[in-house]
Amino acid sequence: MPRLVKARSKKTGLPPGALVHIGERRAEKTRITLLEYDDAQVEEREIKDFRECPKLEGKPTVTWINVIGLHDVELLQKMGDCFGLHPLVLEDILNTDQRPKLEDYEDYLYIVLKMLHADDRTSEQVSLVLGPNFVLSFQETEGDVFEPVKERLKSGKGRIRKFGADYLAYALLDCIVDRYFGVLEKLSEGIELLEEQLVATPTRATLRAIHSLKVEMILLTRSVWPLREVISSLQRGESPLIKEPTTLYLRDVYDHTIHVMDTIETSRDIVTGMLDIYLSSVSNRLNEVMKVLTIIATIFMPLTFIVGVYGMNFEKLWPDVAEPWAFWLVMLAMAGIGLAMLAYFKKRKWL
Amino acid sequence: MPRLVKARSKKTGLPPGALVHIGERRAEKTRITLLEYDDAQVEEREIKDFRECPKLEGKPTVTWINVIGLHDVELLQKMGDCFGLHPLVLEDILNTDQRPKLEDYEDYLYIVLKMLHADDRTSEQVSLVLGPNFVLSFQETEGDVFEPVKERLKSGKGRIRKFGADYLAYALLDCIVDRYFGVLEKLSEGIELLEEQLVATPTRATLRAIHSLKVEMILLTRSVWPLREVISSLQRGESPLIKEPTTLYLRDVYDHTIHVMDTIETSRDIVTGMLDIYLSSVSNRLNEVMKVLTIIATIFMPLTFIVGVYGMNFEKLWPDVAEPWAFWLVMLAMAGIGLAMLAYFKKRKWL
Amino acid sequence: MPRLVKARSKKTGLPPGALVHIGERRAEKTRITLLEYDDAQVEEREIKDFRECPKLEGKPTVTWINVIGLHDVELLQKMGDCFGLHPLVLEDILNTDQRPKLEDYEDYLYIVLKMLHADDRTSEQVSLVLGPNFVLSFQETEGDVFEPVKERLKSGKGRIRKFGADYLAYALLDCIVDRYFGVLEKLSEGIELLEEQLVATPTRATLRAIHSLKVEMILLTRSVWPLREVISSLQRGESPLIKEPTTLYLRDVYDHTIHVMDTIETSRDIVTGMLDIYLSSVSNRLNEVMKVLTIIATIFMPLTFIVGVYGMNFEKLWPDVAEPWAFWLVMLAMAGIGLAMLAYFKKRKWL
Amino acid sequence: MPRLVKARSKKTGLPPGALVHIGERRAEKTRITLLEYDDAQVEEREIKDFRECPKLEGKPTVTWINVIGLHDVELLQKMGDCFGLHPLVLEDILNTDQRPKLEDYEDYLYIVLKMLHADDRTSEQVSLVLGPNFVLSFQETEGDVFEPVKERLKSGKGRIRKFGADYLAYALLDCIVDRYFGVLEKLSEGIELLEEQLVATPTRATLRAIHSLKVEMILLTRSVWPLREVISSLQRGESPLIKEPTTLYLRDVYDHTIHVMDTIETSRDIVTGMLDIYLSSVSNRLNEVMKVLTIIATIFMPLTFIVGVYGMNFEKLWPDVAEPWAFWLVMLAMAGIGLAMLAYFKKRKWL
Amino acid sequence: MPRLVKARSKKTGLPPGALVHIGERRAEKTRITLLEYDDAQVEEREIKDFRECPKLEGKPTVTWINVIGLHDVELLQKMGDCFGLHPLVLEDILNTDQRPKLEDYEDYLYIVLKMLHADDRTSEQVSLVLGPNFVLSFQETEGDVFEPVKERLKSGKGRIRKFGADYLAYALLDCIVDRYFGVLEKLSEGIELLEEQLVATPTRATLRAIHSLKVEMILLTRSVWPLREVISSLQRGESPLIKEPTTLYLRDVYDHTIHVMDTIETSRDIVTGMLDIYLSSVSNRLNEVMKVLTIIATIFMPLTFIVGVYGMNFEKLWPDVAEPWAFWLVMLAMAGIGLAMLAYFKKRKWL
């Protein structure tokens, strides 16, 4: 189970806006890529530092700066100064224990999201800053999530190079939300597997699997709910940074998050139901075990008693008991009692 | 259990609006029917392709184009171009893993719904596009759901040919919602059957039946909830494409969906209650099994002990124990102990 | 358990507004009574058919037409034509599987309600149409629910003849809501009875009683919730058909429905709690049964073993074992072991 | 458990506004006290009847009439006429099975509340009528709840005599809400007691105590929820009868009701959790009982079998078995088996 | 478990605004510190009494008065008079059984909060009064929670001395909310520990730990929910006392409380799930215990019976039974039966 809260104790007592990187260092070195494009051309280059700020104001092109690795606090501080980011924004970019949210700082929008890795089921914090003609994106680890966007930008296919920075931000959001479907597919497979186990032979492992599936879905809900809010307020188009035609596309992403949430909730209901079934199954099996015990005891206890009676020290009393017919009579009687018991259990549907 | 999410992995990394058919190919070939009508006449014909777009603008008649089978991406692309459909609409028509929704594109409304097949309990995606004087409908499989509408159109009975395209869309919606009642009737029968089993002899199969009924209802809820929203916003008459008199009829369909939702929720509550009853029943039966075991053990264990005492090697001690009266005395004592035990159990209401 | 949905299959494929009576025929023949009154006088007469429509427009009196029995579709069709009822209203009057609702058709209000019969716990659909100076009421069966209103009209007591048609509609609603209190009283008695059983000796029958009480309350909730909405929107006085002084009275009925709902919800919570208590009781009793078994087994198994040891074929070994003191020693030892066991169980609070 | 609904059957069929006292007669005779005060002086007197109405209009003083005992319908009818109360208000004052509510009749506010008696946990209905310069209060039984207000009025301490009738109404409300804290303190003690029992030795009585605590809290919720609504709408100051400075005080009472509700909800969650713990405890103890049984059976069943083998009639076969060393060998072997079993149970943590 | 309500009985019958300290006396003596600062300088001094009111009106500096210890009612009364606090505010400061709330008295805002002590998990009430150029803070005990703010004020680092009283109030709020994260970290560790225990060997102590964790979270929710409301309404900036730039910082604190609430809710879901797992585990283990018992009984009961048969007094009947081959035959047969039983249990997966 992932930790529910990351150690914020590093920051206790610090003034707001103090820049401390909270979270593990997951990328070896900070890598910054700048992509500048308009309808006609694309240019990509690496950025080493921000001693000189890139001049974007008034430029007709769209600029996308993608930062990988968040531990180099100083570099990010300078970058923030270049783009006029509020100290609280920088603080939140560095503190990777954020809840997804959207904040409108008038000059730019600040968006925090959780990106899921379907394979190892960890999550990573991605921050986006959407300005009038630029998008800044911040990732914790090197990853391929934004590759498709980069390729579409380079190849010039589709609408992406014709639209502005808001469409680029949408395209990045879309990539992140798409990841959720991969996780859902895995979850869905897990549920099917459990259903089969539940019908066949539920074991302790089944129980543990149900539990961890449930915990996973609780944690998933936790990152999807605020995601929905973020995209919902983006799509309502209240900020002038989001232009009319892009809202249609954002509505599409919004539909996807609703779909994701819906599926998670449905899954939770189903998994909760499975726990009840599991409990009932266990009770059922207990019942069966007890029936076997009771049948055995009910048959053999009376018989052992009868046999015991014949072992009592009264043998000299009636010499007859030592006759063969007496022996066979007792045996017959005991067989009769045994069969009667079995018939009784048959009638009560225990067999 | 149907899959909770369809494999969207085909689409990962594709730009938005990319046309890929998601879902199984369920119709052998794409079949397109065009129905043109006004108050006075009806004309029906098949359409092979959309090399020429049907000219509808300014026409006084209403045109209904019904498409069956969604795998021919190219054909649908052309059709979309003819009617000026937004790329996202075409994408959603082809992606059959949609949540029911209504989207207003000003020139037309786009509606996605789930249609249920009561017999095999599968669901199918149906898309409707409502323009000023036309309705486009898209089905996955050949089916008779829209037959009654077609017949009413041809026979000219009722109001259908007097009203516009919005009434036609309403009529199609009504057909789809009516299907839900069929499914509810089946569900309701299933519940009654389970109630009877629960009272008579609940078995493991009962448990499994309760579980699958519950899952089915969870999945049903999932398609009805958004359906309600769709029809609710249609009926509020916010779009100029929906005229005043039709809203009354849409309110009627809305009532039906509320009725459906209500019934599903009631059923869920009842089925959840059945699970509790089942669990209690199992516990109850365990109790009964244990009582039988305890009664048998409590009667025969002391008796076997007594019998054992008489089997001890002390027989030479008192020759008296070998006398008949001693034997009968012991027997009597044992019968007395047995009866006392039975009386005790009778008193405690175990018998 | 009443059916959750009535067979609507009769209607599949029919155009909206098609008149089909859904539900059992519960009254032998349709009986129509007309009551015309103003402050000064009352006149009552039977109506056989609607070949001639009663002329009400501009009349200063209030007219109440009460219809019992809904199977005569033709007659109701003509009646609907007389009063200018929308086809959908007529359809809903005939289809007795409606959810309570209020529909505003500007010229008149259409209200559907469920009336409960406290004795056999069945429900009946009652429709009301409130026009400017008339009220139409439709019942499925002959019944005395509206008798008090009729009598107050005839005797001229109270305010009823001084107020208009809206007050008459209120009076009828009040009668129907009052019926719910009768049902609640019965439910409340049922709960008290169950509480007593639960404390004394819970049996399988208790479990079944809890379950059916719960189902009954679920179904009750289902008809009360929409009733509340109906009366709430009536009382808000949005329709000009409801005059100011009547809204005060409607607020009173509204309070009653809230009270009903409240009581049902409270009852549901209590009954749900009873199920938990039942389950705990069953577990408790299982515990007690097992303790008896364990005590018996723990005492007699070791003793039987000791007795068995003395039955082993070693008697020639030590002649002493056949001495009286040896026998009494063993007996004493066994009594000691038995008492020690009992003391141990006493200490663990099993006895 | 108190009845969920009081017998309203007395009233079935009566016109609205018909005056019938519903509830037990709890005060011996109706007692009416009138208190008239302004900043300078206070005057108190008893009122026997309302043959003459007290003239209040235009008076600069505030008048408080407190009525104890509601069975004298005629007297209350006259009183209602004096103050121009709507028939529905009088009806509700007499019908003590009301849900707490606030009704605005423009000339006056009508407030119904439930007052709790902490000692015997019964509740009583209190009605308040707040006019421009008077407050009428109606209690079922003689009680001291309003004593502190009376004393403050007489002594002239605090602000009470400086403010108007609205402040008086607030002071009375405050007294009633304060009572709830007393009940909460008792509940809280009950919960603590149960927690201790649960940890020490949960018995059947614990279960019953949990159940009745839960029922009590359900019933409490039922009277607090509407109380909250009442005070919330008073405090919003929508009626001109409530003046600005009093709303601050009403906000304070509102905070108290929120606090009460909060505590009840928290308590319900805790008590619900206790039931789960109880169930788990019972299961746990069953487990322990079964372990004892299993350990005993597992040790003595094999031993008894071995002993039985030596009791078989083969003794003439090997004379050796009658040798001392053989006996001790068998004994040793049995001791070994017993110890091995104990070691096995130790290892599985059963001991 | 902390008490759910503090004894308010001290106050029953007192007029509103009566000053009584409710809660334990937790600080030895009341200590009052005054801090006056502007951008250029800071001055700190102790205040002994309020015989003279500090003159703040019109001063350009910000003044922060921090009071520790609330039992000196007289002193606080005087202080309240100095700052023109409403009697209800003073009453609430002294009554430490408040629900967190924000009250707008136009001239100042009154804020009540609960501060948590992570180490001993108790909570303390902190009151803040925010005026135009001053902040009053009231704590129950001496503590270091506001130390960081004091230090930042003295050192002049950050923005704190450049902003006004509203920013100071924000800084204090931030300190209090930060404390919640410490508590969450501890809770989170507790959950992880329990998860491990649950997987390894769940005992009675695990159950009790789950229960107390749940109760703790219920109580936590209770103080965080209203905290959220408080900060939410502060951040909406409805009061002119909160200036524009500070709202951005308050939004940040608001995010933190949302984060806290989210984590608590997630934790509650997980802990609730753990209880189900615990119950299932107990049932599972019961099952296993019963299987051992049943296996032992099923093997040895028939064998003991056979052995008993050979102990019957028929030995003179067939001298053969005393032959070695007969003995070995019986032994072989019994071994066969035992092995068959084991094979049967193997097949049913009991072994």
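**A guided tour of chains B, C and E**

Select chains B and C: chain B can be superposed on chain C with an RMSD of 0.1 Å by a turn of 72° together with a shift of 0.1 Å along the axis. That is the relation of a five-fold axis. The copies meet through different surfaces, since 15% of the contact residues of chain B recur in chain C. The model under view is a predicted one.

Next, select Gly311(B). Of the residues of chain B, Gly311(B) comes closest to the rotation axis, its C-alpha lying at 4.9 Å.

Now turn to chain E and display helix α5 (residues 204-235) with helix α6 (residues 244-311). The axes of these two helices come within 9 Å and cross at roughly 160°. An angle over 145 degrees counts as roughly antiparallel, and α5(E) and α6(E) are therefore roughly antiparallel to each other. The crossing in which α5(E) passes α6(E) is left-handed. Colour the residues of this contact by type: 20 are nonpolar, 7 polar and 4 charged.

Finally, select Ala27(E), which lies in the segment before β1 (31-37) of chain E. Is Ala27(E) buried, partly exposed or exposed? Ala27(E) counts as partly exposed because it has 17 C-beta neighbours inside 10 Å, whereas a buried residue would have 20 or more and an exposed one 12 or fewer. Leaving aside residues up to four places away in sequence, Ala27(E) touches Ile68(E), Gly69(E), Glu140(E), Thr141(E) and Glu142(E).

How values were computed:
Residues are numbered from 1 along each chain as its sequence is written. Chains are lettered from A and ligands numbered from 1 in the order in which they are written. This is a predicted model: local features need pLDDT of at least 70, side-chain atom pairs count only at pLDDT 80 or more; totals for chains, interfaces and linings use all residues. Copies are superposed by least squares on the C-alpha atoms of residues with pLDDT of at least 70 in both. Two residues are in contact if their C-beta atoms, placed from the backbone, lie within 7 Å. Axes are lines fitted to C-alpha atoms, for helices over the stretch in contact, and angles run from 0 to 180 degrees between N-to-C directions. Helices (H or I, at least four residues) and strands (E, at least two) are DSSP runs, numbered from the N terminus. Angles under 35 degrees count as roughly parallel, over 145 as roughly antiparallel, 65 to 115 as roughly perpendicular and the rest as oblique. A crossing is left-handed if the near helix is turned anticlockwise from the far one by less than a right angle, and right-handed if clockwise. Ala, Val, Leu, Ile, Met, Phe, Trp, Tyr, Cys and Pro count as nonpolar, Asp, Glu, Lys and Arg as charged, and the others, Gly among them, as polar.
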